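Dear colleague,

Please find below the structure that I am handing over to you. My notes on it follow.

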Amino acid sequence: MAEYDYIIIGGGSAGCVLANRLSEDPANRVLLLEAGGKNDSLLVRMPAGVGELIKAKGVSNWGFWTEPEPQLNNRRLWWPRGKGLGGSSAINGMIYIRGHARDYDQWRQMGLKGWSYAEVLPYFKRSEASDKGADPYHGDTGPLNITHAKADNPVFDGIIKAGVQAGFAETKDFNGYQQEGFGPYQLTIHDGKRWSAAAAYLAPIAGRSNLTIETEARTTRIVVENGRATGVEYVQGKEAVAKSATATKEVLLSAGAVQSPHILQLSGIGAPEELGRFGIPVVHALPGVGENLQDHLDVTLSWTCPKPITLYSMTKGWRRPLIGIRYLLTGKGLGVLNGLESGAFLRSRPDLDRPDLQIHAVLAIMKDHGKQPAAQDGFTLHVCQLRPESRGRVGLSSADPHADPAIFANYLATEEDRRALREGVRIARKVAAQAALQPYNSGEYEPGAKVETDAEVDAWIAASGETIYHPVGTCRMGVAGDPMAVVDDELRVMGLKGLRVIDASVMPTLVGGNTNAPTIMIAEKAADLILGRPAPASEDVPVYGDHERAAA
């Protein structure tokens with residue numbers, strides 16, 4: 001049986017960071033286990049490949065489905081999750097968003113030491129190489145290359161101008177002093193290539209002799225002996241050859257918000273009643289495993305465009321195959337674009353202390369994850385509610401480790417969630433009606449004039465709402481005495497030794513934005529915690545909306 005100091009389960013955004021940082025010391029023997037493959041296909045490398053990767057189950061996408069959703073007409077929702085090195089950072093929209101500063105201050109107020117905005121900002125900066133250089137909010141020497149979208153297509157620029165005309169703020173940096181407003185996105189794209197966590201953290205160090213990377217290696221059980229995680233069991237390759245490895249220091253679970261709780265449950269760590277339903281012996285009772293699931297529900301409003309300047313005209317017919325050919329030969333052309341270059345963070349009502357709505361602008365008429373493309377030019381405004389009150393869970397569907405977990409997202413379970421998303425629909429329509437977009441707007445395509453009243457909007461949301469791919473919270477952080485906490489503020493599993501969970505599942509509350517950047521930050525901080533390194537000095541920078549600080 002192979003022996004290592006650290007075993008990392010999952011080669012996604014967090015796992016790639018951990019593999020890099022822990023193996024910096026040549027004395028540490030590190031094993032990274034990834035259930036998928038190397039993720040080195042053209043579709044993964046090429047930013048424009050995101051549309052194909054998201055919509056279909058395949059070598060780079062687990063392609064999960066939820067259980068029937070009661071508030072969404074009992075529909076089962078498509079949940080893409082990244083598979084292979086880089087995880088979801090290899091199939092996502094490449095938008096770099098950290099969330100609002102107050103999201104992290106809220107974690108600290110929950111008793112979680114070390115997680116305030118001032119304390120996590122140095123980790124965001126450590127990971128980042130911004131194309132605009134360093135400033136109080138950004139780093140320029142990290143492995144994760146970040147580029148600022150130019151938003152030079154007139155539709156993207158028009159959306160920003162229309163937002164201002166509609167009475168909203170404009171911001172140049174969603175990750176800086178002011179999140180609220182309309183502006184250009186920052187992207188994990190570098191030299192025309194997707195800059196996934198694998199490209200950033202694994203590729204440069206893949207030759208380290210103390211780092212072993214095993215792909216096509218699916219973890220089936222974490223081994224626990226006498227209250228301590230001592231290793232893992234996994235199967236590898238098409239033949240599913242059974243293997244095992246031991247960890248002399250720690251097992252680090254980084255399989256994501258869906259599969260981290262699932263692996264714990266398969267290992268007998270979870271709620272006894274959930275394990276008992278599938279005949280899994282209880283190794284360690286922990287009722288919070290799989291609970292507290294939160295996700296951003298999204299609706300897509302779209303408008304037709306009278307000019308051939310959107311992705312439909314740019315890619316129709318013979319143009320489509322040429323995009324890949326040109327990209328493969330030159331690394332240039334439409335293949336370097338993600339089609340998501342501007343958006344907004346807004347409040348659904350003025351008394352909120354931070355934005356609770358996000359808009360992603362897409363240069364195409366897009367519905368159902370791109371599975372139903374419209375045969376005409378147009379643009380889409382994705383609207384999602386950032387801080388849902390609703391809570392779901394991830395559970396078992398079988399004791400078979402190869403069976404998909406059961407996902408109960410429980411969207412729109414509260415009136416506030418329904419109200420906020422309804423208001424988001426009205427805001428999107430208000431923006432689209434402004435003068436700056438009139439040259440590019442020849443009429444609302446979806447949902448259309450048939451949807452106007454509150455009841456009609458609610459019914460349309462129930463019929464068309466989908467995930468925008470940000471599940472978190474299923475192994476949440478908590479303080480001692482919290483019966484539903486899964487890990488403490490150092491990400492150690494409650495009541496067990498030698499086992500941590502390090503990924504988006506530990507977030508106690510969903511941040512206001514896309515979740516890839518926060519997941520990388522969590523892993524950067526976790527590496528210091530594991531290695532016993534002192535945390536960097538806090539950086540208490542001003543943030544718009546903190547009225548007392550702004551007044552001073």
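Which backbone oxygen does the side chain of glutamine 179 reach? That side chain comes to 3.1 Å from the backbone oxygen of glycine 512, where a polar contact is a pair of N or O atoms within 3.5 Å, one able to donate a hydrogen and the other to accept it, and residues adjacent in sequence count only if both atoms are side-chain atoms.

The model is predicted, so local features need pLDDT of at least 70 and side-chain atom pairs count only at pLDDT 80 or more, while totals for chains, interfaces and linings use all residues. Residues are numbered from 1 along each chain as its sequence is written, and side-chain values use heavy atoms, without hydrogens and water.

Glutamine 179 sits in the loop between helix H6 (154-165) and strand E7 (181-184); helices (H or I, at least four residues) and strands (E, at least two) are DSSP runs, numbered from the N terminus. Glutamine 179 counts as buried because its relative accessibility is 6% (buried is under 20% relative accessible area, exposed over 50%, partly exposed in between, with a 1.4 Å probe and protein chains only). Leaving aside residues up to four places away in sequence, glutamine 179 touches residues including His100, Phe174 and Phe345, contact meaning heavy atoms within 4.5 Å.

With the same exclusion of residues up to four places away, leucine 499 touches Ile222, Leu264 and Leu491, among others.

By contrast, leucine 328, in helix H11 (residues 319-330), is exposed because its relative accessible area is 56%.

Yours sincerely
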